[in-house]
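Open the model in your viewer and keep the sequence panel in view.

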Amino acid sequence: FGDIPEGIAIGAVIMLNAAIGFWMEFQARQSMATLRSMDKITAKVVRNGEEKDRDAEEIVPGDVVLLESGALVPADLRLIEVSELQINESPLTGESVPVEKKTESVPKNAQTGDRKNMAYKGTSVTRGKARGIVIATGMDTEIGNISQLVSSADEDEIPLNRKLSKLSKNLIWLVLILAFGLGVIGYIAEKELYRIIQTSIAWAIAAIPEGLPIVASIALARGMLRLSNHNVIVKRLASVETLGETNTIFTDKTGTLTQNRLTVESLSTGIGQHGRAQWKGEEVTLKEVDRDSQNFKRLFDISVLANDAVYDPKHEENSEGDPLEIGLLKFARAFDPERINQLHQLEFVGEDPFDSESKMMGTVYTDGKKFIISAKGAAESILDICTHKLEKEKVTRLTDGEKEKIAAQSDAMSENGLRTLAFAYRDDAEKPAGIEDHAFLDELVYVGLIGFVDPPGPGIKEAIETFHTAGIEVVMVTGDHPGTALNIARQVSLVAPDEDRVIHGRDLKEDQFKNEEIAATRVFSRVDPSQKLRLIDGFQDQNKIVGMTGDGVNDAPALKKADIGIAMGKRGTQAAREVADMVLRNDAFPSILEAVKEGRIIFSNIRKFIIYQLSYHFSEVLVIAAVMLLLFELALEPLQLLYLNILLDVFPALALGIGRGRAAVLKEPPKDPKVNIITHKNWLAIIVYGIVIAASVSGVYFYGYYRMGLTPDIANNVAFFTLAFAQLFNVLNMRDPDENMFVNQVTRNKWVWGSLALCLGALLAAYWIPLLSGVLSLSPMGFDVWKLVIIGALVPAIVIQGIKQFVKS
Ligand code: ATP
């Protein structure tokens, strides 16, 4: 329409708006990228003969990479050395049974799954060690080829953003309908085309909350950053949203609820015999155990031989391996370091490593004359393969009655909270068969039991109690004995002291339970990793939103299946960390509470600024419509609206978005996943706030125009300032209804005050600085007019606060 300066000004404001939006979103994404890199995958690489942990991204073809149990294969490798290597190739082949690997060449046309001398990127080592040469990295790898086919573009797309863009689209339709209606009315009433188009544009600006998605991303990103200060790395933005809905946490026992420092406390060196170990610092004395008996000597030997740990007595923290095995070595050392050295001289022949399905492990050593098989594991597993017993210095057959007696003894120890293992051995003159296939553990001689204490970790009980007040159930899923599991569960208040319901993994296999029964149980014992999937399914079926902690390679599928997979940063394998949504860097269970708290706060913040922004935009649309209908005048010009939107749409909303929330968030139940972010009540609030503000703004417009005889230009200025100030007050309406009117999370939020000061400054600048006031068509106003503005802005604040006090919801 030939209005060049206004055109330029609008262009400039739009650019400025876009620049602010871009800069903010860029910052948010940048900080998310930094966070993700905090949990980088590393690999052991040999370069110039030197072994070093390197960032997996730095690996190049030709590098020599070392693999060990739990590691994620960082690139495609040709294996050159393997020792007992087994790899889970399910990401590539879908086959979840681990594949045994070798170094020999394979036929030229072998399929990916048959190339036994290769380890592929993205697969994970379930057992053993290996060395391989990198032949392909990144997109050139087998998995890279597959993932090229699957677009990862909307990785960051979160449900919230989808809902928000749907909302924006609906608003665009609303504007189109309004503009069309106005066009028709204008045409019938023979009004100017210029006004009609100008008003339609003003409506479009007024209706669409362009700041919404930006503020949402920033609120989420800030939440992620705050969580990283609590040692929680959130890997997917969407998880922050899900955290607010989580109502069930699956946790394992050892190391998560307990300290993972196992100490030998109880020994049985024969059937029905019971002794205790009493510790005083590094020293231990045995009560009711005959140290010179064959049984004790054998128990000692098996403890050292069926053991993969390395114990460093001077610096215990440097010890490596399973804490249970470290505990055994510590115990053995306290008695006879000389004997340990002798045993370590024996020649290693083979091993059947521990796995959570067989629940036992065994080794074969030789002294040149005989072969010594040593085994330890869960009592039921070991008793299954024992045919004899060592009792009163003699080896005799083990009867079924005796097996039952031993099992009862082991149960009793477990029920006292001890992690209990059974020990057995066999001496062979010849090298036993089945070493390669890990099938040498049978016909063993039972020796005794050892019970370990592993006390609950610090702060665990309090954390579980807080989870309960927060409406979140904690469910223990462990591979340990039902007795031990229940005892610990009671100690940490996971269940009531008189609770005795435990589901055994064996019964889960037989599918004896309905999903409601499963979802009502809090302790699951002797569960193997594959059954965890079944459990998560059962809970999800009962509308539970499940968070699950895990650390092993085998936990990966369940971590993926859970709504929030939570991996342990220190204890966790790379494979678990890779698929998890969240990583606890300090392995501390109570950190999950922080994450839940933050998730809930973010959620309620997002709800607040959406209510704020939408009620603001709604009031703008209404004011324009009212003045248009009555006077065919434009209450607010496009440029004025743009100016207000840059200020009011972004800064106060942002301040609400990063608020610290109310202290009581963990006293409330989780959000029902079926309830939308904006509930019916919230919509009602948006409509009421919008109408009250619009009524006051158009009220003062009409009062000024009709009663005070103001020109439409000055009346427009009145509407501009009244709306702006009313909106600034509207921020304070965003407190929760049950909070104090003056002291609440909004008034305590210093960002809110900062943003209000900023907006106020910018509004005064628009009035005082000639260039700005010229472009925004703002003229000087007298004291009377200002009084009108102040009253018009205060009235909605008082009315809305009054309604809030009255309705209280
Ligand atoms: P938790 O939930 O307590 O962490 P888990 O699910 O990790 O337990 P596993 O480590 O799979 O349980 O152990 C299951 C059972 O296997 C134990 O109860 C124990 O009897 C046996 N076991 C554990 N570690 C070893 C080991 N190093 N050698 C032999 N047997 C073991």
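Start with β18, which gives the shell around the ligand its largest share, three residues. The model is predicted: local features need pLDDT of at least 70, side-chain atom pairs count only at pLDDT 80 or more, and totals for chains, interfaces and linings use all residues. Residues are numbered from 1 along each chain as its sequence is written, and side-chain values use heavy atoms, with hydrogens and water left out.

Next, select the whole shell: 20 residues surround the ligand, each with a heavy atom within 4 Å of it. The closest are K253, T254, T478, G479 and R526. By class the shell holds nine charged residues (Asp, Glu, Lys, Arg), five nonpolar (Ala, Val, Leu, Ile, Met, Phe, Trp, Tyr, Cys, Pro) and six polar (the others, Gly among them).

Zoom in on individual atoms. At T254, an N or O atom of the side chain is 2.4 Å from a ligand oxygen. At K253, a polar backbone atom is 2.9 Å from an oxygen atom of the ligand. Then pick E325, where a polar side-chain atom lies 3.1 Å from a ligand nitrogen. The ligand taken alone exposes 630 Å², of which the protein buries 90% (Shrake-Rupley method, 1.4 Å probe). Two elements give two or more residues to the shell: β15 (371-377) and β18 (419-428). Strands here are DSSP runs of E, at least two residues, and helices are runs of H or I, at least four, numbered from the N terminus.

Finally, go to D784 in helix α27 (residues 783-807). D784 counts as partly exposed because its relative accessibility is 48%, between the cut-offs for buried (under 20%) and exposed (over 50%).

Terms used: Polar contact = N/O pair within 3.5 Å; in protein donor to acceptor, adjacent residues only side chain to side chain. Buried < 20%, exposed > 50% of the residue type's maximum accessible area, 1.4 Å probe, protein only.
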